[in-house]
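These are my notebook entries on a structure that I looked up residue by residue. I set down the terms as I needed them.

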Amino acid sequence: NYRWNIDGSEKFGQEVTYTFEDSGDHSVSLEVTDDNDLSDSTQQYVNVEDEQLSVSMRGDRTEVEVGDEAIIEISLVNFLTNDPITAQLLLQLPSGVSVSGADEGSGQMTAVTDVSPGSETNILVRLTFNQPDEFVVSGRLIYTTPDGSDNEQELSEITVLADESDH
């Protein structure tokens, strides 16, 4: 028998699901009783933080001809209602890919933007594929919150296949 107490809400079962409605410290306790009526319990505190920034990266094409462009779009949503967030995008560019729309150097592309409170900002990066190959574009986002703390988030990888033109 598994008896959970999560913020005063009782749940039963070896595994349970619970959604915390508010940020902060929350009490979670578990009491386990076996068939011989022997029991033990433990209590932990879980810290829940509000999500401040949502980030997604997508490409408009997964296959191109050599010399063609593909657009990578990075969407940033600031969930904070009072404060802007400054975000720096770092994309790792494989050899054979050139970029327009941002600063480029030594295999990396960078862009910095402020995301206003409660709004969405999109960064568009145009990549040109200069040789046939399968290219993997990866990246990360570093952002500073109003309290001065730096946060980092890895972005999903995008794979683009560049083939020679059939003409």
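**Terms and source.** I took helices (H or I, at least four residues) and strands (E, at least two) as DSSP runs, numbered from the N terminus. I counted two strands as paired if DSSP finds at least two bridges between them. The model is predicted, and local features need pLDDT of at least 70, side-chain atom pairs count only at pLDDT 80 or more, and totals for chains, interfaces and linings use all residues. Residues are numbered from 1 along each chain as its sequence is written, and side-chain values use heavy atoms, with hydrogens and water left out.

**Entry 1: the open sheet.** I asked in which order the 4 strands of the open sheet lie. The order is E5-E7-E12-E9, and the pairing is antiparallel. Strand E5 (53-59) and strand E9 (97-100) are the edge strands, as each pairs on one side only. On average, neighbouring strands of this sheet are turned by 25° against each other, direction ignored; for such angles, axes are lines fitted to C-alpha atoms, for helices over the stretch in contact, and the angles run from 0 to 180 degrees between N-to-C directions. I then looked at E9 and E12, which run antiparallel and are joined by 4 bridges. Ser100 stands opposite Arg126 in E12.

**Entry 2: Thr121 and Ser75.** I found Thr121 in strand E12 (residues 120-129) and Ser75 in strand E7 (residues 69-78). Is Thr121 buried or exposed? Thr121 counts as buried because its relative accessibility is 17%, where buried means under 20% relative accessible area, exposed over 50%, and partly exposed in between (1.4 Å probe, protein chains only). Ser75, at 13%, also counts as buried. I next listed contacts, meaning heavy atoms within 4.5 Å. Not counting residues up to four places away in sequence, Thr121 touches Ser75 and others, including Ile74, Leu76 and Asp114. With the same exclusion, the residues that Ser75 touches include Ser54, Ser56, Thr121 and Asn122. The side chains of Ser75 and Asn122 make a polar contact of 2.7 Å. A polar contact is a pair of N or O atoms within 3.5 Å; within protein, one must be able to donate a hydrogen and the other to accept it, and residues adjacent in sequence count only if both atoms are side-chain atoms.

**Entry 3: Arg3.** I located Arg3 in strand E1 (residues 2-6). Arg3 counts as partly exposed because its relative accessibility is 32%. Which side chains does Arg3 reach by polar contacts? One is that of Glu10, at 2.8 Å, and another is that of Glu31, at 2.3 Å. Leaving aside neighbours within four places in sequence, Arg3 is in contact with Phe12, Ser29 and Leu30, among others.

**Entry 4: E1, E3 and E4.** I followed the pairing from E1 to strand E3 (residues 24-33), which is antiparallel over 5 bridges. Trp4 stands opposite Leu30 in E3, and the bridge partner of Leu30 in E4 is Thr42. E3 and strand E4 (residues 39-48) run antiparallel, joined by 10 bridges. They form a hairpin with 5 residues between them.

**Entry 5: positive phi.** I noted Asp37, in the loop between E3 and E4, with a positive phi of about 65° although it is not a glycine. Asp37 is exposed because its relative accessible area is 64%. Asp7, in the loop between E1 and strand E2 (9-12), has a positive phi of about 50° and is not a glycine either. Asp7 is partly exposed, at 37%.
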